[in-house]
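Here are my notes on the model you sent over. Have it open while you read.

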Amino acid sequence: GIVLVAINPYEQLPIYEQDVIYAYSGQNMGDMDPHIFAVAEEAYKQMARDEKNQSIIVSGESGAGKTVSAKYTMRFFTTVAGSASETNIEAKVLASSPIVEAIGNAKTTRNDNSSRFGKYIQIGFDKRYHIIGANMRTYLLEKSRVVFQAEDERNYHIFYQLCASSSLPEFKDLGLSKYWYLPV
C-alpha cells in the first residue's frame, strides 16, 4: 500500500487549508507532492471506482500528530464528498473527544495531553459517495497506567479530575467517596 511519513510541526501551517484540499481533489497519486490529502483522495477514488471499503491507518509515537492527521483526513472527506445532510460529520465524530480524553489521556514525558487510546473511525458513504454518518470506537491501550506511573509522567487525567471535583454535590451521587488512589 501507500505509505506517507508526516511530521508534526507543532504549529499551524497553511498546507491544510481549503484551497489545498481542492488542489488535491481529483488528482492522481504522484502528480502532486506527498500529502495526507493525496492519501485521502486515493482512498476516496478507489472506494468510488471499485465500490470497496478503504482503510487509512495513522500510526506514530506520542506527540506525532496522529489525531490531527485523522482530523485533516476527515476534513478532506467532508469537503470533497460533502454530506447527505448539512451536518458537520467531522465535528460530530470528534464531539466525544473531551470525555474520551479525560478518561484516556495522560501526561507523558513527550506530551502533556497524550492519548492512550487506539481509535477506529468508520465513515459511512451513500451510493452517491456523500457522507451519511460515522462511528468511532476507542480502545484503551495502556491499562498499566491505572496501577503504575513512570517517573516524570502522570496517570490518566480522570483521576485528577475526580479528586478536584470531590467536594461538588454531584460527586456524592457517584459513590466514589472512598477514592484513595492518586500517585503524584
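1. Of the 184 residues in the chain, 29% are buried (under 20% relative accessible area; exposed is over 50%, partly exposed in between, with a 1.4 Å probe and protein chains only). Keep in mind that this is a predicted model: local features need pLDDT of at least 70, side-chain atom pairs count only at pLDDT 80 or more, and totals for chains, interfaces and linings use all residues. Residues are numbered from 1 along each chain as its sequence is written, and side-chain values use heavy atoms, with hydrogens and water left out.

2. The chain has seven helices and five strands (DSSP runs numbered from the N terminus: H or I of at least four residues for helices, E of at least two for strands). Along the sequence they read α-α-α-α-α-β-β-β-β-β-α-α.

3. There are seven aromatic pairs (Phe, Tyr or Trp rings, the six-membered one for Trp, with centres within 6.5 Å; planes under 30 degrees apart are stacked, over 60 edge-to-face, the rest tilted). Tyrosine 16 and tyrosine 72 are a stacked pair, 3.8 Å centre to centre with 10° between the planes. Tyrosine 16 sits in the segment before α1 (18-24) and tyrosine 72 in helix α3 (residues 66-81), so this pair ties together parts 56 residues apart in sequence.

4. Tyrosine 44 is buried at 14% relative accessibility, and phenylalanine 77 is buried at 9%.

5. One aromatic cluster includes Tyr16, Tyr44, Tyr72, Phe77 and Phe125.
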